Amino acid sequence: MNNEINQYKLEDSLLYRLRNRGKLAEMFNLPHNYFRTQYKLDIEYKSKHIKTGRNKKDRLVENPNEKLKNIQRKILKYLSRIQTPDWIISGKKGKSYIDNSKFHKDNSYVITSDIMNFYPSCKRDYVYRMFRYTFRMPSDLAIILTTLVTYNGGIPTGAPTSQMIAYWAYRDTFIRMNEIALEYNTKFSLYVDDMVFSSKSTISKRMILEIKKELQKCGMNLKDNKTRKYGGKDYKLITGVVYDKNGVLKIPNRLRKDIIDGYNEIKKMKDTCSETDKKSLLGKIYSARQIEPDAFSQLLQNVKKIKCK
């Protein structure tokens, strides 16, 4: 389990056995009667499709309005303080896809896979049962909190709570998957919908079949076309980080290209570039430097000097 500062057991959370709406409103710094009727009027989302890259499907993002998002951030604050296993990387402050990759750095054999349509597959009923039975809330509060963190019967892609809600709603499934992995001397981690299995020896096909069956029990499936198997001497792509045949972390070629192309584009635009474009490029550079700390040193300084609107 995590031993990070301010982390505690589920039973010590203020959300556990929460009994009345007034207390919930107090925890969220809202008017005492807010969760009687008002909260339903403030639930609103805007949906849009964003491009995720060449030859890829656009991704649907469901963004809550600012008032609802602020409430969701407060829910997340309480959820993120509860201890979760070290193999859960999602939703933890200071943790990223790079930490998910590093979790497997000592193992030579790796299988990566995604859960198909993960957030839409996380059903409202599972979220309700989480609040009702895992957090031991009365049904009225479980319904309120479920309503605050779900949308159109699933978990919204743009809500800050979604990573942690997905884990807690399907915690039993993920725990069982970890148990299956351990039975095969395999290490498991979960980062949002990215699952990674690693071992010091070849990973059994039977294990993956058992993982599939476990997911199917709760209405989920693996993306077979996204499942990748790597041998001991293979270059491995693990949640956006490449390991070479010696186990050394490398920046993926796609990220390198995005950074160089982004820099050339901003230079070409000169004084007409937007601050958003600059921040996006800086974010990519900082991500790359988490993988290779000395990468793009001069380019980083150049980007910082560029003046954008």
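A residue is called buried here when its relative accessible area is under 20%, exposed when that area is over 50%, and partly exposed in between, with a 1.4 Å probe and protein chains only. By that definition Ser162 is buried, since its relative accessible area is 1%. The structure is a predicted model, in which local features need pLDDT of at least 70 and side-chain atom pairs count only at pLDDT 80 or more, whereas totals for chains, interfaces and linings use all residues. Residues are numbered from 1 along each chain as its sequence is written, and side-chain values use heavy atoms, with hydrogens and water left out.

Ser162 belongs to helix α8, where helices (H or I, at least four residues) and strands (E, at least two) are DSSP runs numbered from the N terminus. Its side chain reaches the backbone oxygen of Pro156 at 2.5 Å. That pair can be read against the definition of a polar contact, which is a pair of N or O atoms within 3.5 Å; within protein, one must be able to donate a hydrogen and the other to accept it, and residues adjacent in sequence count only if both atoms are side-chain atoms. When neighbours within four places in sequence are left aside, Ser162 is in contact (heavy atoms within 4.5 Å) with Tyr119, Ile155 and Pro156.

Helix α8 (162-169) is also one of the elements against which the buried residues of α7 pack, the others being α1 (21-27), α2 (38-41), β1 (45-50), α3 (66-79) and α6 (124-134). Helix α7 itself spans residues 139-149, and because eight of its 11 residues are buried, the helix is largely enclosed by the rest of the structure. Those buried residues are Leu141, Ala142, Ile144, Leu145, Thr146, Thr147, Leu148 and Val149.

Phe197, apart from its neighbours within four places in sequence, touches residues including His104, Tyr109, Val110, Ile111, Phe188, Ile203 and Ile211.

Ile115 lies in the loop between β3 (109-114) and α5 (118-121) and is buried, with a relative accessible area of 0%. Between Ile115 and Asp193 there are 78 residues of sequence separation, yet the C-alpha to C-alpha distance is 5.3 Å.

The cysteines complete the picture. A search of the whole structure finds one disulfide, a term that requires a pair of cysteine sulfur atoms within 2.5 Å. Cys273 and Cys308 form this bond, with their sulfur atoms 1.9 Å apart, and the torsion about the S-S bond is about -90°, so the disulfide is left-handed. Because Cys273 lies in the loop between α11 (253-269) and α12 (275-291) and Cys308 in the segment after α13 (297-305), the pair ties together parts that are 35 residues apart in sequence. Cys273 is buried at 0% relative accessible area, and Cys308 is buried at 17%. The sulfur of Cys122, by contrast, is 8.3 Å from the closest cysteine sulfur, in Cys218, which is too far for a bond. Cys122 counts as buried at 0% relative accessibility, as does Cys218 at 9%.
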